[in-house]
Amino acid sequence: MKRAILLSAFLLSQFGTSQLLKTNGQKIVNDKGENVQLRGLGLGGWMLQEGYMLKTADFAGPQYKIKEKIAELIGEEGMNNFYKAYLKNGITKQDIDFLKKAGFNSIRLPMHYNLYTLPIEKEPIKGKNTWLEEGFKMTDDLLKWCADNKMYLILDLHAAPGGQGNDVNISDNDKSKPSLWESEENQQKTIALWKKLAERYKDEPWIGGYDLINEPNINFTGKNPNGTDEMSNAPLWKLQKDITEAIRQVDKKHIIILEGNGWGNNYNGLTPLWDNNLVFSFHKYWSYNDDATLKFALDLREKHNIPIWLGETGENSNVWFTELIQLLDKHNIGFAFWPMKKIDNIAGITNVKITPEYQKLLDYWKNGGEKPSKEFATKALMKIADNYKFSNVEIKNDVIDAMFRQTTDGSTKPFKKHQAPGKIFATDYDLGRMGAAYSDKDFINLWVSDPAKRSEWNSGNQLRNDGVDIYKTNENQYYVGKTETGEWLQYTINVKADNTYIFDINYSSNNDAKIRIEDASGQRLATFSLNSTGGNETWKTVSAKGINLKKGENKIRIFFENDGVNLNYFEVK
C-alpha cells in the first residue's frame, strides 16, 4: 500500500502538476484545461542545413552537397570535425534560456533522420534499423533545457529517410537515391524512428507534440512537382496514419501534428481522422496578413473541430511579423517562426557573423580560381563554427521587439540611449511600428499574394529588419540609403537642460535635395538644403543653428523631401 501511495505521488508530481498538452475541440490546452497558444521558434539550421543559411545556395543547396564542398577542401575527417563543432555550438542551454527571456514558450526542432539512424543504403542488414545515439542525446539535452525553462519542445521530422519531396534543400534529398515515397524501406524506417522517439519521450510532459513530416512536396497524381495541385494525397495520409498507429502503441498522451502536401498546406483527399489528439499544421510565407489568407486553415479547423498551428513562418520584415502575430492572436493560433540562426541574417532573432576568410571559400566554391589551402580552409570553417556559439551571435533586438512588444504596444522606444550633445548614427532610429518610429515606402514582401509587391524591404540587408534601407560603406560603416520623398526617421534624444543647439548633418547625394527636422508635435525645427556630393560615398556635412530642445526626452523626426539622400549621422552640438 505504501509503495502504491508513493507511486501515485510520483505520477502526480510528473503529470498532475505538469503542463502536458492535449487537444480540446479547436483548442490546445494544458492538463488544467487552460488554453495554450504556442509562441515558438524553429531551430532551423542546426540539425539540418539549407544552402541559403550558409550562403552556399548558388552551388550547394542540400546539406549533402555542402558536405561534399567542405570535404573537397579539408578532407572527410576535417569535414566531420567541422560538423561536430557546428552541432555542439549551434544550440546550447544559453540559446534556450535566451529564447525564454525573449518571450517564446515553445521550440520546434527540425530533425535530420541521419542523426538518429543510418540511411537504408548503409544499413549492415537490409531492413534492420541501426540507432545512433547522437541525435537522441542532442534531443535529450534540448528537452532538459526546455523543461528547465518550462517551454514545450515539438519534434519535427524535417528530413525524412529518402526525402519527402522534390524541394531537395529542405530535406537534404539526394535524387539519385530512392525517395520516401518510392521506397517501402524508407517508409518503414520513418515509422520505426517515430515509434522509437515516442517510446523514449512518452512520459515527458514538456514534449509539446510530434510533427510527423515537414512540408511534403510531391506529385502523386497531379502535374505540379511540389504537389500544390494534388487532389488525392493518398500515400501521404496513409503514411501519417501508419506513423500515428506506431506512436500510439507506446504513447497514448502526446499531440500528433499533421502536415498537408504542397509544403504543408494542401489537405485535399484527407481521409476520416484516425486519432482524437491531432493538430493540423500549415505554413505561411510572403502573403498578406488578413483573414482571407487564413481561410483554408480556419475552414479545416471548423470542419474537423481540431486545432490548427502555424508550424513555420518568417523570412520577412518586422512590419510583417507584427501584423501576422496580431492576426494569429485574433484567431487563437499558435506559431513557430523560422529560423534561429543563419549567416548574414537580419530577419531572425540572431545573426551569425560572416568572416572575410569564409567569404573567400564561398568565392572559390562559386567562381573557381586558386584553391584555398587545407590549413586556411580549416581555420575559416572552424571560425564560422565558433561564430555559431550564443556568445558570438548578434542579438536582433528590433526583431524581438516587433514580435512581442509591438504586437500590443504602438509606442516607440529608443534603439540606443542618445544624449545631446552627441553624435547619433542614422541607423539608430527608434524601435516601433512603421508609422510610429519611421516611415518607408518598401517595408514588406508579399510576392506570393502579389508578385508586383516583391520587395527586400531593407534593400541593403544590413543591421535591422524594418523597412528602412541600410547599407554598408567601403569602410564598413552603416548608413540609411535609398530614401524616397516623404519617408522619415524618428530619434529619441535626452537633453540635460533647455537650450539651443547646432545640428550637423553628414550625408551624400547624387542630386540637390532637402531634408527637414520636426519635433513630435510636428513643429518644424530646421530645414537643410543639401547640394549634390557627386556620389553615394562622397560625404559632406551641413549645419543648422538655433534648434531648440527641451530638458529631458525629445523625439525628433528627420523628413526626406527628395529621393536619393543617404544619411550617415547627425551631431548635436
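Tutor: Let's start with R39, which forms a salt bridge with D329, their closest N and O atoms lying 3.0 Å apart. This pair links distant parts of the chain, 290 residues apart: R39 is in strand β3 (residues 39–42) and D329 in helix α11 (residues 318–330). A salt bridge here is a side-chain nitrogen of Lys or Arg within 4 Å of a carboxyl oxygen of Asp or Glu. Helices (H or I, at least four residues) and strands (E, at least two) are DSSP runs, numbered from the N terminus. Before we go on, keep in mind that this is a predicted model, in which local features need pLDDT of at least 70 and side-chain atom pairs count only at pLDDT 80 or more, while totals for chains, interfaces and linings use all residues. Residues are numbered from 1 along each chain as its sequence is written, and side-chain values use heavy atoms, with hydrogens and water left out.

Back to our pair. R39 counts as buried, because its relative accessibility is 16%, whereas D329 counts as partly exposed at 31%. The cut-offs are these: buried means under 20% relative accessible area, exposed over 50%, and partly exposed in between (1.4 Å probe, protein chains only). By the salt-bridge rule, the count comes to 35.

Another of these bridges joins D156 and R108, with 3.3 Å between the closest N and O atoms. D156 lies in strand β5 (residues 152–159) and R108 in strand β4 (residues 106–112), so the pair ties together parts that are 48 residues apart in sequence. Both D156 and R108 are buried. They also belong to a network of salt bridges that links R108, D156, D211, E259 and E312.

Now find K573, whose salt bridge with D504 has its closest N and O atoms 2.7 Å apart. K573 lies in the segment after β24 (565–572) and D504 in strand β19 (residues 499–509), so this bridge ties together parts that are 69 residues apart in sequence. K573 counts as partly exposed because its relative accessibility is 47%, while D504, at 8%, counts as buried.

Next, the empty spaces. Rolling a probe the size of a water molecule over the atoms shows where empty space is left. On a 1 Å grid over the protein atoms alone, a pocket is an open set of points with protein on both sides within 12 Å along at least five of seven lines, and lining residues have an atom within 4 Å of a point; a cavity is a set of points where a 1.4 Å probe fits but cannot get out. Grid points are joined across faces, edges and corners, and a volume is the space filled by probe spheres set on the points.

The largest pocket holds about 1,100 Å³ of space. Its lining has 38 residues, and Y52, Y285, W286, E315 and W447 are the ones nearest its centre. At least two lining residues each come from α6 (168–171), α9 (261–264), β8 (278–284) and α10 (291–304). By kind, this lining divides into 16 nonpolar, eleven polar and eleven charged residues. For that sorting, Ala, Val, Leu, Ile, Met, Phe, Trp, Tyr, Cys and Pro count as nonpolar, Asp, Glu, Lys and Arg as charged, and the others, Gly among them, as polar.

The second largest pocket has a volume of about 920 Å³. Of the 34 residues that line this second pocket, K67, N114, P119, K122 and D172 lie nearest its centre. Helix α3 (residues 63–90) gives the most to this lining, with ten residues.

Finally, some details of the backbone. W338 and P339 are joined by a cis peptide bond, with omega about -15°, and P339 lies in the loop between β10 (334–338) and β11 (350–351). D344 is in the loop between β10 and β11 too, and its phi is near 55°, a positive value in a residue other than glycine. A cis peptide bond also joins A420 and P421, with omega about 0°. W457 is not a glycine, yet has a positive phi of about 45°; W457 is buried, with a relative accessible area of 7%.
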